[in-house]
Amino acid sequence: MAKLLHLFMLTLMLYALQSTLATKFSSSSRSLSHEDECSMLFQFKKNIPINPDASFDLRAYPKTASWNLNESDCCLWDGVECIGKNSGHVIGLDLSSSFLSGPINSNNSLFSLIHLQTLKLSDNDFQLSQIPSGISRLLNLQTLNLSDSIFSGQVPNEISHLSRLISLDLTGNLLKLQSRIFRNLVQNTTYTLRELFLSGVNIDSEIPDILVNRTSSLLSLVMRDCNLTGEFPQGIFYLPMLQLLDLHGNHDLSGFLPKFHGKTQLKHLILSRTNFHGMIPFSIGNLIHLNELHLSGCNFSGTLPGSLRNLTQLTSLRLNDNRFWGRIPSLVGLSKLSSLILSSNEFDGRNLSDWIGKLPNLLYLDLRLNNLSCEIPASIGNQTQLKELYLNYNNMFGQIPSSLMNLTQLTDLILGFNKLMGRVPSLERLSNLKQLFLSFNNFDRWNVPDWIGKLNKLAYLHLDSVNLFGEIPSSIFNLTQVVELSLSSNQIEGSVPPFPSTMTKLTQIVLQENQLKGPIPRSLLNLQNLETILLNDNNINTTVEVDIFLGLKNLKVLEIGGNRMKLLVGKNQNSDKLPKFEFLGLENCSLKLFPHFLRFQDQLQDLYLNDNEIEGLIPEWMGNVSKETLQTLSLSKNSLRGFEKSWPVLPWVGLRLLDLSHNMLQGSIPVSSLTTMNYLVSNNKLSGKIPPSICDLQSLQLLDLSFNNISGSIPPCLEKLNNSLLVLNLRGNSLHGTIPDVFNNGSKLLMINLSENRLKGPLPQSLENCTSLQIIDFGNNCMEDTFPFWLGALSELQVLILRFNKFHGGLTFSSKTNSTFPKLRIIDLSFNSFCGDLPHQYFKKWSAMKETKPNSVYMQARVDIFGTMYFEPRNYSFSMILTNKGVKTEYEKILTIFKAVDLSSNKFHGKIPETIKILSRLQLLNLSNNELSGSIPSSIGNMTSLESLDLSGNKLSGNIPQEFLLLNFLAFLNVSSNKLTGPIPQGGQFNTFLNMSYMGNLALCGDPVSKNCGDPRTSKPPKVLPDKATGSDFPSGIDWSFILAGLGSGLLIGMFFGDHLTTCCYKWFIKCFRK
């Protein structure tokens, strides 16, 4: 009983104390008179300076500047709202965009205005100060807007005490919001909060489920770029009052669209750049109030539901950058739609004409980067309000419809990178055009038309690779608003046009890859806004003074290489007036020295001085040229001997490409910066060992040290480059020892060429980890091993060259493994000691040698060789040596349709198997200098793509099959030194073969050998059966010239150097190949 009484008295005392404090606080609050509030406001003004740079809104002005305590009541001040007209409490303060600049703290007089219901301080500069905790005293606040006012730090927990908040906007600050405070804020404003704007606030957590259960009154939820994570609560989609949901830019926020019911009030659904996925449900059609649907840059997939046509209030539909596919459903009925963006998906164009032309208010249509593969619908001409049309990158074909001329409101017409053809219609009526992109189409041959000069609002004109010819008309000088003029990759002739001074807005002139001639007009100096000039690969074969370009102060990109010009470079340039180049291409400009003006360049990223006549040493001052910014340095194909200064590491710290190939460099291998991705020093006179520091180039993609005098062994530390290296070319050096067994899982290697060295030992078994390998060339070494059948598991391997080594044993085939060489097209095992039967089981498995590929391209590695900033990366072409048509031939490029088998100069015996015919698309077959016997299979006559067949130096008997007359592309035949008998087939390609093709077969008769056949009847060719694949895989014309050039050069090399090489290399040959 005593304890209960004691507890009762304690409770009574606490209640009395609470009442006293409340009364005192209330009394204090009531004591703040209207005059006091005005004083507090004036005090606030004095504490916060005004800075015209503190606000960005064009309507901004200093509201507090007019506040004067002595001249008027504060209720009349700018931005101040009171209860009643005069003398009431201050309940509203709107100082947004008022040039306020300075920190604000908790003691600020502003927080004494306890009757405030609205506080707006957006678009000011509070200089990274924190949101003051004193804001918790404004318990009557209903609207708080602190957006874009440069607050920083943690959002204070005190903000969650504002339980009457209806609208909170913290957008665009450098704030962090802890999940605990976020949860408290939502919980304490359960029944009041209607608008929550937190864009740019770093929340870095999941969205609390309490948002679903406690915010039934929420109208707007905007949380753009908040680093939200986890799964989005589905229940938020069902909030009964929600009209605006914007989660743009939360890349780690995942979720999917639920089944929508008909009661939702959503007007704006924006989920762009999130990780939402799945399909758009058919129930999307229930969102009948929707104005905006933005789902771009997510992971949505599947087809679009036809119910989209139910969204009749829709004004903006953005579904770009997803994985949607199939036809675009009819959008007829979306009469309010003004913006439609469906780019970067996989839509086809089967029913475009069903709805294009029936959207009366459409202003912006973007369907680029799909696979429409259709004609441009003529109905496009009905979209007469259209301002911007993007259909580029779509494989569209047919002609540009004439109805396009109805779109007189167009400002942007982008049709590039398609397969459009036919005549380009006049676009003269499209007088509002600012951007015209027709590049990379297949139009009929046409002149640059005069009507282009009438589009006097054009700012961007791109007509690259559209089959233009003739001269550039003077009418183009009427384009006084043009900023970019690009007419590259055409057949434009005449002189470089004398651009008039009226075209002062020009920043880019792109005329590369045409047939323009010199001179280059000095009128270019009138265009002082020029930033880019590309005139490379024309026929400008005149003398050009570099001062024409150096007088353009804003010039950043200059490419004039690939002409036959002689560039005159003086030494009298004023360094203060020179342009600051970022890209400079002066290749093939007859330069004999490094240009003097380079001394003053400190912003270069890409420098090309290759294919010139520069001799001697690279000067020391070059080490200071853009040493912080240079990424690409190409000095190949000059006569450079080395560096004037010996740097332990080359001074350009950010170098990505270094190309010093085809010079006369001597000494050790120069060490490049750690950023280097592509390193080419081939065809020099470098010596010494490969420095271990080269293994520290962790981003290295291409390493080409071929054709030098490098000795020593291959460093095992190359293992460090497994995750980056694509091409390893050490061909033509004096490397010895074994190949390190350091190729790990995850290797990206595409090509390895270690040929023409002194390497020995077996092949490293770890090569089987290089699952991307396309070409292996270990030819001309002293390696000793059995056939590496395990390489057959490399599913991408196309070329295998092991010629001139000491490999031995049979070509074993294991049926228990997947070692079938599925893509092998070229195999050269010549000059080894392989024995046993020919590999008839492999012949059955080499499927790539019987396939027909319609397109001919070169084998290449896609590495960034030719710059990074202004040009697309080009490719590093693979090369090899093969004996073709009896001549050792260097293939500087390898066609993907070329197929060859060379098993010559081994110890194979037995018959040539009938399964050889399976390799039906071979162009080269060399089985010479073995111990093969039996007859020649007549089925070889079905290998109708054969161009070179060498069976010489065996023990073959019987007749030359008459079926060989079917080999219509056979350019070389050698069956000499066998035991063949009977008549030589007559007619067809056999009429082109000389006596040497048959020497050593004493029983052969008929032309061209001297022995006549006993049967006077002429051999009749067999009946040619129809075969869809009897043609050669080589394209006509262009590749024959390449092959014949190879044959000619190989023959000359053999004639002039064969004897010399045999004599010089005799000891080496005996050492590698002695029994």
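Student: Where does Asn 781 lie?
Tutor: Asn 781 lies in the loop between strand S53 (775–777) and strand S54 (782–783). Helices (H or I, at least four residues) and strands (E, at least two) are DSSP runs, numbered from the N terminus. This is a predicted model, in which local features need pLDDT of at least 70 and side-chain atom pairs count only at pLDDT 80 or more, while totals for chains, interfaces and linings use all residues. Residues are numbered from 1 along each chain as its sequence is written, and side-chain values use heavy atoms, with hydrogens and water left out.

Student: Is Asn 781 buried or exposed?
Tutor: Asn 781 has 0% relative accessibility, so it counts as buried. Buried means under 20% relative accessible area, exposed over 50%, and partly exposed in between (1.4 Å probe, protein chains only).

Student: What does the side chain of Asn 781 reach?
Tutor: The side chain reaches the backbone nitrogen of Asn 757 at 3.2 Å. A polar atom of the Asn 781 side chain also lies 3.2 Å from the backbone oxygen of Gly 779. A polar contact is a pair of N or O atoms within 3.5 Å; within protein, one must be able to donate a hydrogen and the other to accept it, and residues adjacent in sequence count only if both atoms are side-chain atoms.

Student: Turning to cysteines, how many disulfides are there?
Tutor: The count comes to four disulfides, a disulfide being a pair of cysteine sulfur atoms within 2.5 Å.

Student: Which residue does Cys 75 join?
Tutor: A disulfide joins Cys 75 to Cys 82, with the sulfurs 2.1 Å apart. The torsion about the S-S bond of Cys 75 and Cys 82 is about -100 degrees, so this disulfide is left-handed. Cys 75 and Cys 82 are both buried.

Student: And what of Cys 695?
Tutor: Cys 695 is joined to Cys 717 by a disulfide (S to S 2.0 Å). This pair links distant parts of the chain, 22 residues apart: Cys 695 is in the loop between strand S46 (685–688) and strand S47 (702–704), and Cys 717 is in the loop between strand S48 (709–710) and strand S49 (727–729). The torsion about the S-S bond of Cys 695 and Cys 717 is about 55 degrees, so the disulfide is right-handed.

Student: Is Cys 1013 buried, partly exposed or exposed?
Tutor: Cys 1013 is partly exposed, with a relative accessible area of 25%. Its disulfide partner is Cys 1005, at an S to S distance of 2.0 Å. Cys 1005 is buried, with a relative accessible area of 8%.

Student: On to sheets: what is the strand order in the open sheet of seven strands?
Tutor: The order is S56-S58-S64-S66-S68-S70-S71, with parallel pairing. Two strands pair if DSSP finds at least two bridges between them.

Student: Which strands stand at the edges?
Tutor: Strand S56 (808–809) and strand S71 (1003–1005) stand there, each with a single partner strand, so one side of each is left without a neighbour in the sheet.

Student: How many bridges join S58 to S64?
Tutor: Two bridges join strand S58 (residues 833–836) to strand S64 (residues 907–911), and these strands run parallel. Gly 836 stands opposite Phe 908 in S64.
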